Amino acid sequence: MYVALRDLRAARGRFALVGLVIALVALMTTLLSGLAAGLVDDGISGLRRLPLTHLALEPDSGGTFSRSTLTATNLEPWQHVEGVEASPIGVSFVNAKGPDGQTVSLALFGVAENSFLAPRPDARQALAGGPGLVLSHELAAQGLHVGDELTVAGSETRLPVLGFTYTGSYGHVDIAFTQLATWQQVFYGGEAHGRFSAVALRTTGGSDQVTSALARANRAAGTETLTKTEAYAGSPGYVGETQTMNLIRGFLLVISALVVGSFFTVWTVQRTRQIALLKALGASTSYVLRDALGQMAVVLVVATSVGAGLAGLGGLAIQGSDVPFRLQLVPVLGAVALLVVLGLGGCLVAVRRITRVDPAGALRLVD
Amino acid sequence: MSLELENITVAVPDGRSVLTILDTVDLHVGQGETVALTGPSGSGKSTLLAVAGLLLRPDQGTVRVAGVDASALGDRARTRLRGRSIGIVYQSANLLPSLTAREQVEVVAHVNGRLDSTTGARARELLVRVGLEDRLGARPGALSGGERQRVALARALMMEPDVLLADEPTASLDPVRGAEVMALLLEEARRLGAATLLVTHDGEQAAGADREVRLRLGHVAPAVA
């Protein structure tokens, strides 16, 4: 990189400009990564934190709890599967009025009090008492306290706040745990007949054994089993949001590759005579390529790091606000690496030109 | 170490026919000898220089540089031979715009894989020899035409080449500066004992060489006394 580094020093204004563009793309890509992660978190963190591995739902419900209704008949076969722990769960969205008249939206998770689904020991203890709610910690920040009574709209059921558990949401709504019987009362009134939304499964043992056990139990129970990750797609808006974010990120990456590729192609065209001279001086094509690719890599890595770093600082500033934003190191590093790789990919045209420069061009040079 | 060109023929397509630029040209430049290559425009001087500098493969003929038959070599080996055994001074200096005078000379060692702890000192010594001891850190934009050509000469000498080629090296300089540069070139060529081929239109410069070879329409013209 003897010549490349000196080019960077001598033409720093030009490289700073293209670096600025790349840094801005990296900044936007990183911010979008944070927003995408935040939106995903907002959409499914409540489900993700449930200690289950699979969900058995009504066939063709596509992971959407509101399209799935199961009964004890569906649950029974699951309770005898070796290596699988099964517990019914009811999931629905409700609005409730708080003590000050404020409306609170809740993703209501009805779980059996002593099941593996009940969150944390303190919450499990709270659910073991009378009917009530264990709320996402987020709702404590909104002014709700233990002992407050919430009136569920529609059923007019009054439920006290029994406690708070981890922060989580589902379908962008804060989660609340209640006893399964209470959930059935809220959702079906007196006509529940033991109905619930899905069977939550926690598997142990080897994957082959589990797969065959799940298949057998599925047939017997008349259900459809999804992994926890597959079930995320059932969260309202989840698929559309993630696809939109990925599309925007994809566009940004393509634009970045085109900008970087165009810049280095023009730069290479301008340097054609210099490259011919280097070859005439004895530089092999691989030497010239290493020099040029090294220069491109330096610009890309520095610019994307600056952009991602600035986005990280910006992200820290907005994290915790109402904007769903969550910075995760691995996706951010992945996006930065992808920017660098695609940027270098965009430079392929330039690289091709370099390999074709004829050293005889040095004889026709004019300063 | 010498430069030997035997039976060199170069032809290029010219519409539906073929234009022969060099036709079975033979030229031998001995070690320490300076040969002036003269002739009218279009006679094939620069093409012969390109063939001698391994920048162009002839359609026919043999090129031997320092005893090595370059005709039999692949592109990579020709590049290596050119870098280590041939120094070229161009009509214009052809300096790399981002490099200082010292770096212009050092880069030759770098591209040829000969960069070591003595490179900087050797580059400096060469620039001192061509009278640029005060201009080591200057970039091409800050150098005069004569200074640029001196840097180009130092660059051509960096690998202590067996063969030195010069393509009208003073054409872009005024007569005084041109004479200074030419005197330096001939002095350094003799010091190195390089086989030197000098393309020139200038009768005085040709007279300063050990021998003159005239090209006319791609052929070597009869010797001039």
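Predicted model: local features only at pLDDT ≥ 70, side-chain atom pairs only at ≥ 80, totals over all residues.
1. Axes are lines fitted to C-alpha atoms, for helices over the stretch in contact, with angles from 0 to 180 degrees between N-to-C directions. Helices are DSSP runs of H or I with at least four residues, numbered from the N terminus.

2. H3(B) passes H4(B) in a right-handed crossing (the near helix is turned clockwise from the far one by less than a right angle). Among the residues making this contact are B:Val105 and B:Ala109 of H3(B) and B:Ala123 and B:Leu127 of H4(B); contact means C-beta atoms, placed from the backbone, within 7 Å.

3. Over in chain A, the axes of helix H2 (residues 12-48) and helix H11 (residues 285-318) come within 7 Å and cross at roughly 45°. This pair is therefore oblique too, and the crossing of H2(A) and H11(A) is right-handed.

4. Do look at where the chains meet: the contact takes 24 residues from chain A and 29 residues from chain B. On the side of chain A that touches chain B, H1(A) gives the most, with 6 residues.

5. A word on reading the model: local features need pLDDT of at least 70, side-chain atom pairs count only at pLDDT 80 or more, and totals for chains, interfaces and linings use all residues. Residues are numbered from 1 along each chain as its sequence is written, while chains are lettered from A and ligands numbered from 1 in the order in which they are written.

Note on methods
Helix = DSSP H or I, 4+ residues; strand = E, 2+ residues; numbered from the N terminus. Parallel < 35°, antiparallel > 145°, perpendicular 65-115°, else oblique. Contact = placed C-beta atoms within 7 Å.
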